[in-house]
Amino acid sequence: MRWSVLVWLLWPTSTLCLVREPPSVAIPGQGLVSGREVNVARGRRATLYLGLPFAQPPLEALRFAPPVTDPLPSWDGVRNASLYSPACPQDRQLLQRHDRLRLVDRLFAGGAGDHELFRTSEDCLYLNVFVPDGNPPAEGWQVLVWFHEGNFSVGAASLWDATAFAVKQRVLVVTSSYRLNVFGFLSTLDGMAPGNAGLLDQVAALDWVHAKITTFGGSTQNVVLAGHSAGAESVTLHMLSPLSEGKFSRAIAMSGSALAPGTIRSPQKDPYLADLAERFECKVKPTSELLDCLRQVSEKDLLKEAIELADWGPIVDFSFVNDTAQAFLPAEPSELLAADKFNKVDFLTGFTDMERAFVFAETLGSDFNKDVFQNRINEEVNAGHTFEVNSSCTVNYELLYDSVIFFYSPALHNEDVSVFRKKYLDFCTEKYYAAGAFLHATYVSKTNVAYVYRFDYKLKTNGVVDLEEWMNVPHMMELPIVWGMPYWTSFVSPVVWNNADRKQTDIVMSLWGNFSKASTPAATKGRGVQWEPFTEESPGVLIIDKNIEMSDISTFDYKATKFWNYYYPKLTEASTTCCNTTAGAAPLVAFTSSAFLLLSIAHATTL
């Protein structure tokens, strides 16, 4: 580290001070960057290199296209890498509703200038590198690559300060952006815009890590992917994608799974392209002209109209890519798992105990009685089964509804609103989070180590998030602990953290850090945590609360995951009838996700 001499300071007693020059790194093929140092605690620090480009700006003709990385952006002189780059285009109101931890307000509001404000731009393919202090080990720093949450519509890498995690776990952390909503996931259902550009951005970020991270002391042989919600769905999709093969050795998926209902979108069933074309007076065909037209639309106008039309996100793109070897997702996730076509890496996954409590509070409120409970279940059952427009298939929804109501209704007659609220929230957590995590972990455990957790610890610190009294641990509420927020120095308005939360942070961060480095999360010196691997024969779950211990029949409802992964798909098959339209042909019985059924039956546990 170089030192320089400052001028005499005009203090009562003149003092000669020495300060560090900004740390700099020469990135091969790109240029010299100057970062900044951040202190965390007890003199420990990290060096931050922010806003490093990993692909060409996806502007004009590159809008909707896969990321261009040859050549990478380069520059002369020294690039200032001390500030975050803009986030990808997104709706601010949607972000505000999603940002339960008020990170935008805490990190960017009230800054000294425009550079401190949360900004967005289509020129957003940048990543951030957080390097712990000291000399890296001989093999290089373990590298953790983080993909943010946000339902593939909102969010930003800049909201996640990895300084504390990097310093305390001695891990080099990379947080990466990727294109969102229509900019990242529009597909013309042909090779012109095959879709999944946002996921291909993530692949490009991984390629950059493998090509450049040794410059920062990182190891290309020890990369772990991590993410939450949509970031977790991304991580589990990379576990299935041939384009990501060999680019990471471990994966951490928090509150999200490629197997969860709704993760994979179905653009074939949605006429959004025609609607989008009509709104901007573009031709639908040929799609080359449609894309040329949409590329002329302003970022703001395109975003506004697009978010009203579709729920943008990942698709199966194999049949839409001209060169199928470049397809990110060649089949449904369940089919790839059933065919043993997935990347064999160690896996840590889990969920919170009341995932959709915030959504419940905002949309259903306090008037959640038995009738509302039954209506919501009925809506969820009906929404879960769709067919092609001209399909002759029908589903016996009443049978499916009866089975779910039977499973989740209180055992005895009860009119207590809180009981039905708890039952409905259990339904949401188990169907959309626990079942997928269990099934994916079961497959991984055949060849690699897998760990599953449920996060039950409720923050003790006031002012971090507003929770109603009945809420336990909703979606995102594990992140302050996992990310070491009690040690963050980047908040504009610091939080006075409860010591119990600090203690819990130290334990949980070490679990995640140990898994990242050696796939053994319970190697926490003297802390007494025993985290047993998850297997089909012994599907143990670590319950993370004030006391951290493995699950048993009294602390985890194993029957619920078995219901969703085995019984319900089997019942769906029996309830679905498809008639062959050929004259004289006999009716056929079919299930739209037969691979998921085979997957579930083959791996159903006998508990």
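Which residue takes a positive phi in the hairpin of β3 and β4? Gly29 does, with a phi near 80°. The hairpin has 3 residues between its strands.

## Basis of the model

This is a predicted model, in which local features need pLDDT of at least 70, side-chain atom pairs count only at pLDDT 80 or more, and totals for chains, interfaces and linings use all residues. Residues are numbered from 1 along each chain as its sequence is written, and side-chain values use heavy atoms, with hydrogens and water left out.

Helices (H or I, at least four residues) and strands (E, at least two) are DSSP runs, numbered from the N terminus.

Strand β3 covers residues 24–27 and strand β4 covers residues 31–34. They run antiparallel and are joined by 4 bridges. Strands count as paired if DSSP finds at least two bridges between them. Ala26 has Leu32 of β4 as its bridge partner. Ser24 is partnered by Ser34 of β4.

β4 also pairs with strand β7 (residues 78–80). This pairing is parallel, over 3 bridges. Here Leu32 stands opposite Val78 of β7.

## Helices α12 and α13

Two packed helices are described by the angle between their axes and the distance between the axes. For α12 (residues 370–383) and α13 (residues 397–408), the axes come within 9 Å and cross at roughly 130°. Axes are lines fitted to C-alpha atoms, for helices over the stretch in contact; angles run from 0 to 180 degrees between N-to-C directions. The two helices are therefore oblique to each other (under 35 degrees is roughly parallel, over 145 roughly antiparallel, 65 to 115 roughly perpendicular, the rest oblique).

From α12, the contact (heavy atoms within 4.5 Å) uses Phe373, Gln374, Ile377, Asn378, Val381 and Asn382. From α13 come Tyr397, Leu400, Tyr401, Val404, Ile405 and Tyr408. These residues divide into 9 nonpolar, 3 polar and no charged.

## Salt bridges

The structure holds 18 salt bridges (a side-chain nitrogen of Lys or Arg within 4 Å of a carboxyl oxygen of Asp or Glu). One of them joins Arg170 to Asp133, with the closest N and O atoms 2.8 Å apart. The pair links distant parts of the chain, 37 residues apart. Arg170 lies in the loop between α3 (163–169) and β10 (172–176). Asp133 lies in the loop between β8 (126–132) and β9 (141–147).

Methods. Ala, Val, Leu, Ile, Met, Phe, Trp, Tyr, Cys and Pro count as nonpolar, Asp, Glu, Lys and Arg as charged, and the others, Gly among them, as polar.
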